[in-house]
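Dear colleague,

Please find below the structure that I am handing over to you. My findings follow directly after it.

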Amino acid sequence: MRRSKVPEETTDQRLLDSTGSADWVHTDPWRVMRIQSEFVEGFGALAELGPAVSVFGSARTREDDPTYELGERVGSALVRAGYAVITGGGPGAMEAANKGACEAGGASVGLGIELPFETGLNRYVDLGVNFRYFFARKTMFVKYAQGFIVLPGGFGTLDELFEAITLVQTQKVTSFPIILMGTAYWQGLLDWLRSSALTAGTVSAKDLALITLTDDVDEAVAAIVASDQAHAPKAAEGSGTHPE
Ligand SMILES: C/C(=C\CNc1ncnc2c1ncn2[C@@H]1O[C@H](COP(=O)(O)O)[C@@H](O)[C@H]1O)CO
C-alpha cells in the first residue's frame with residue numbers, strides 16, 4: 001500500500017495494544033477459535049492412544065454401589081484385553097472404570113467437561129483433557145474408541161448411548177459394539193423400545209440389534225474383541241480414500 005492507503009497503525013501495533021474493549025472475546029468468531037483449539041488439543045492428546053473403549057455411566061454412582069465395583073472390573077478387564085479406557089473423567093461410574101484401568105496398569109483417560117458444578121478429573125485419570133464444549137468432547141469418545149460400554153446412568157449417559165446408536169444407525173460411523181451392562185437397570189428401557197418404539201415403527205429390529213445387554217464383563221469385552229477382529233483391515237486391501 002502507498003500514500004493514503006497506508007494505515008496509520010501497523011498490524012503489530014493493533015495486536016500488541018492492550019487498550020480497548022474486551023467484548024470481542026465473547027463473539028462467535030472468537031468462539032470458533034476456541035472450539036477449533038479443543039479439537040486440536042483432543043486430537044493431539046489421543047492420536048497415539050492405540051485401541052480404546054469408551055465407558056459411560058452415572059456421575060452419581062457411590063463407591064459402595066455394586067455398579068462401582070462393576071465399573072472397576074470393566075476397566076481392568078479392558079486393560080487386560082489390550083484396550084485403553086476412556087471416560088468422562090468425572091466421579092461415580094467414570095471414576096470406577098478409570099480406577100480399574102489405572103490399577104491394572106493400563107491407559108486411563110478422562111475427557112473432562114466444564115460444568116457449573118465442576119468436580120474436576122478423578123484421581124485415577126492418567127491422561128486428561130478438559131473440554132468446554134460437549135460436542136467436541138463427544139467426537140473424541142467416538143473417534144478414539146473401538147466400542148462403547150454403558151453402565152447404569154442418567155441423562156448424560158442416555159445422551160451418550162443414544163448418540164452412539166444414532167451414529168451407527170445412520171452409518172455416520174462404521175458399526176461398533178454398544179454394550180449395556182446391568183440387565184436389571186436397562187431391561188425396562190429395552191422392553192419399552194420393543195413394545196413402543198418398535199411397534200410404532202419409529203425404530204427397526206435392526207436398530208435394536210445394535211445393542212448388547214449383559215452383566216458379564218468377559219462377555220462384554222469378548223464382544224468388543226470380536227467386533228475389532230471383524231473390522232480389522234485386511235492386509236491385501238489397498239489404501240482407499242474416504243469422503244470427509
Ligand atoms: C453430577 C456430578 C458431577 C458431574 N461431573 C461430570 N464430569 C464428567 N462427565 C460428566 C459429569 N456429569 C455427567 N457427565 C457425562 O455424562 C455421563 C454421566 O451423566 P449422568 O447423567 O450422571 O448419567 C458421563 O458418561 C459423562 O460423560 C456430581 O455428582
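Helix 5 and helix 9 (217–231) each contribute at least two residues to the lining of the second largest pocket. Helix 9 accounts for the largest share of that lining, with three residues. Please keep in mind throughout that this is a predicted model.

The pockets

The second largest pocket has a volume of about 520 Å³. It is lined by 16 residues, of which Val142, Lys143, Ala145, Val173 and Thr174 are the closest to its centre. Sorted by class, this lining comprises eight nonpolar, five polar and three charged residues.

The largest pocket holds about 700 Å³ of space. Its lining consists of 31 residues, and those closest to the centre are Ala59, Met94, Leu115, Phe117 and Gly156. At least two residues of the lining come from each of strand 1 (52–56), strand 3 (108–113), helix 5 and helix 6. Helix 6 gives the most, namely five residues. The lining of the largest pocket divides into 12 nonpolar, 13 polar and six charged residues.

The ligand

Which residues come nearest to the ligand? Of the 19 residues around the ligand, they are Ala59, Arg137, Gly154, Thr157 and Glu160. Ala59, which is also among the residues closest to the centre of the largest pocket, places a backbone N or O atom 2.9 Å from an oxygen atom of the ligand. In Arg137, an N or O atom of the side chain is 2.9 Å from a ligand oxygen atom. Phe155 contributes a backbone N or O atom at 3.4 Å from an oxygen atom of the ligand.

The salt bridges

Side chains of opposite charge can pair when their charged atoms come close. The structure holds nine salt bridges, and I describe several of them here.

Arg137 also forms a salt bridge with Glu160, with the closest N and O atoms 3.8 Å apart. Because Glu160 lies in helix 6 (residues 155–169) and Arg137 in helix 5 (residues 134–143), the pair ties together parts that are 23 residues apart in sequence. Are these two partners buried or exposed? Glu160 is buried, with a relative accessible area of 13%, and Arg137 is buried as well, at 3% relative accessibility.

Glu69 and Arg73 form another salt bridge, in which the closest N and O atoms are 3.2 Å apart. Why are the two separated by about one helical turn? The reason is that they are four residues apart in helix 3 (residues 66–80). Glu69 counts as partly exposed at 44% relative accessibility, and Arg73 is likewise partly exposed, with a relative accessible area of 38%.

In brief, Arg137 takes part in a salt bridge with Glu160 and has a side-chain N or O atom 2.9 Å from an oxygen atom of the ligand.

With kind regards

Technical notes: Residues numbered from 1 in each chain as written. Predicted model: local features only at pLDDT ≥ 70, side-chain atom pairs only at ≥ 80, totals over all residues. Heavy atoms only, no water. Salt bridge = Lys/Arg side-chain N within 4 Å of Asp/Glu carboxyl O. Buried < 20%, exposed > 50% of the residue type's maximum accessible area, 1.4 Å probe, protein only. 1 Å grid on protein atoms, 1.4 Å probe; cavity = no way out; pocket = protein on both sides within 12 Å on 5 of 7 lines; lining within 4 Å. Points joined across faces, edges and corners; volume = space filled by probe spheres on them. Nonpolar A, V, L, I, M, F, W, Y, C, P; charged D, E, K, R; others polar. Near = heavy atom within 4 Å. Polar contact = N/O pair within 3.5 Å; in protein donor to acceptor, adjacent residues only side chain to side chain.
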